[in-house]
Amino acid sequence: MMETHLRKGLAELELGDDAAPSLLRFGELLLEKNKVMNLTAIKEPAQVAALHFLASAALLGCADLRGKSLVDVGTGAGFPGMVLKLMVPELRL
């Protein structure tokens, strides 16, 4: 379910889905760790895809981050920084 929502959303945002496997693994780890540590109130895989991954990835429509540096302070569970790094490996985060 997370994969379907993620790939559909990335296509709607006109972003490639090369990072989808890494994002899906991140989602699995996030949901697993969230069982013992409150990283996020979002617990449904489809909502993780929409509200964490796609919301973060949407920032890529605002700026080309390839080769840029970004400081993501106080992100807790890693949003949006981790998603941006997975989507744009050239980003110095």
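Helices here are DSSP runs of H or I with at least four residues, numbered from the N terminus. Ser56 lies in one of them, helix α3. The model is predicted, so local features need pLDDT of at least 70 and side-chain atom pairs count only at pLDDT 80 or more, while totals for chains, interfaces and linings use all residues. Residues are numbered from 1 along each chain as its sequence is written, and side-chain values use heavy atoms, leaving out hydrogens and water.

Start at α1 (residues 2-12). Its axis and that of α2 come within 11 Å and cross at roughly 135°. That makes α1 oblique to α2. Met2, Glu3, Leu6 and Arg7 of α1 meet α2 residues including Leu23, Gly27 and Leu31. Contact means heavy atoms within 4.5 Å.

Next comes α2 (residues 20-34) against α3 (residues 45-57). Their axes come within 11 Å and cross at roughly 115°. That makes α2 roughly perpendicular to α3. Leu23, Phe26, Gly27, Leu30 and Leu31 in α2 meet Pro45, Val48, His52 and Phe53 in α3.

Return to Ser56. Is Ser56 buried or exposed? Ser56 counts as buried because its relative accessibility is 5%; the cut-off for buried is under 20% relative accessible area, with exposed over 50% and partly exposed in between (1.4 Å probe, protein chains only). A polar atom of the Ser56 side chain lies 2.7 Å from the backbone oxygen of His52. Beyond its neighbours within four places in sequence, Ser56 is in contact with Phe79, Pro80, Val83 and Leu84.

Methods. Axes are lines fitted to C-alpha atoms, for helices over the stretch in contact, and angles run from 0 to 180 degrees between N-to-C directions. Helices (H or I, at least four residues) and strands (E, at least two) are DSSP runs, numbered from the N terminus. Angles under 35 degrees count as roughly parallel, over 145 as roughly antiparallel, 65 to 115 as roughly perpendicular and the rest as oblique. A polar contact is a pair of N or O atoms within 3.5 Å; within protein, one must be able to donate a hydrogen and the other to accept it, and residues adjacent in sequence count only if both atoms are side-chain atoms.
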